[in-house]
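Here is a walk through one chain, from its overall fold down to single residues. Keep the sequence and the model side by side as you read.

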Amino acid sequence: SSGINAEYGGVKLQAERKKIDKLQCILHDTMQEKVNTHTVFMDSDEDLESFDPDSYEKKVTPKSYSSHQKKLLSKAKKQQYSALRMRKERLQALHEASSKLQLQRTIAASKGRVFKTVDEETGEATYRWRKQRAK
C-alpha cells in the first residue's frame, strides 16, 4: 500500500512540476524581466547620428488599452500568479509527503533496531541503526 502511495506521489509531483513550468512560460516575467529589443536599420551614417530612439519608440508603440481592458488583464494576471503560487505550495507539500513516505519505507525495510534523535536547535530528526556484528 505504501508502494502505491509513493508511486502516486511521484506521479503527482511530476504533474505539478509540468503545470508550474507551463504557468511560468505563460507568465514570462516570473523569473526575470524580459528585455525587449527592436532593431532599426539605417541607410547611412548621417541617419544614425541624427537618430533619436525616444521619438522613434513613440511611433512604434501600439494603441493603448482602455482602462476596462487594463483592469481585466490585471485581474487575469493576478489570478494566474495566485494559481502559480498555490501550485508551488502544493508542490512543496507533495515533496515533503513523498520524502516522509520514502523515509518510512526505508525504515520499514531495514533490518535491526532504528534509533531516532532530534536536534534541539533545528528540530531535524536523524535516524541511526544499531550496529550489528558481521557473522
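**From fold to surface**

The chain has 4 helices and 2 strands. These are DSSP runs, numbered from the N terminus: helices are H or I with at least four residues, strands are E with at least two. Along the sequence the pattern reads α-α-α-α-β-β.

This is a predicted model: local features need pLDDT of at least 70, side-chain atom pairs count only at pLDDT 80 or more, and totals for chains, interfaces and linings use all residues. Residues are numbered from 1 along each chain as its sequence is written, and side-chain values use heavy atoms, leaving out hydrogens and water.

Now the chain as a whole. Of its 135 residues, 8% count as buried. Buried means under 20% relative accessible area, exposed over 50%, and partly exposed in between (1.4 Å probe, protein chains only). Among contacts (heavy atoms within 4.5 Å) with a separation of 6 or more, 53% join residues 24 or more positions apart.

Turn to D43. This residue sits in the loop between helix 1 (2–26) and helix 2 (45–49). Is D43 buried or exposed? D43 counts as exposed because its relative accessibility is 78%.

Next, A125. This residue lies in strand 2, which covers residues 125–129. Its relative accessibility is 38%, so A125 counts as partly exposed. Which residues does A125 touch, leaving aside neighbours within four places in sequence? A125 is in contact with K116, T117 and V118.
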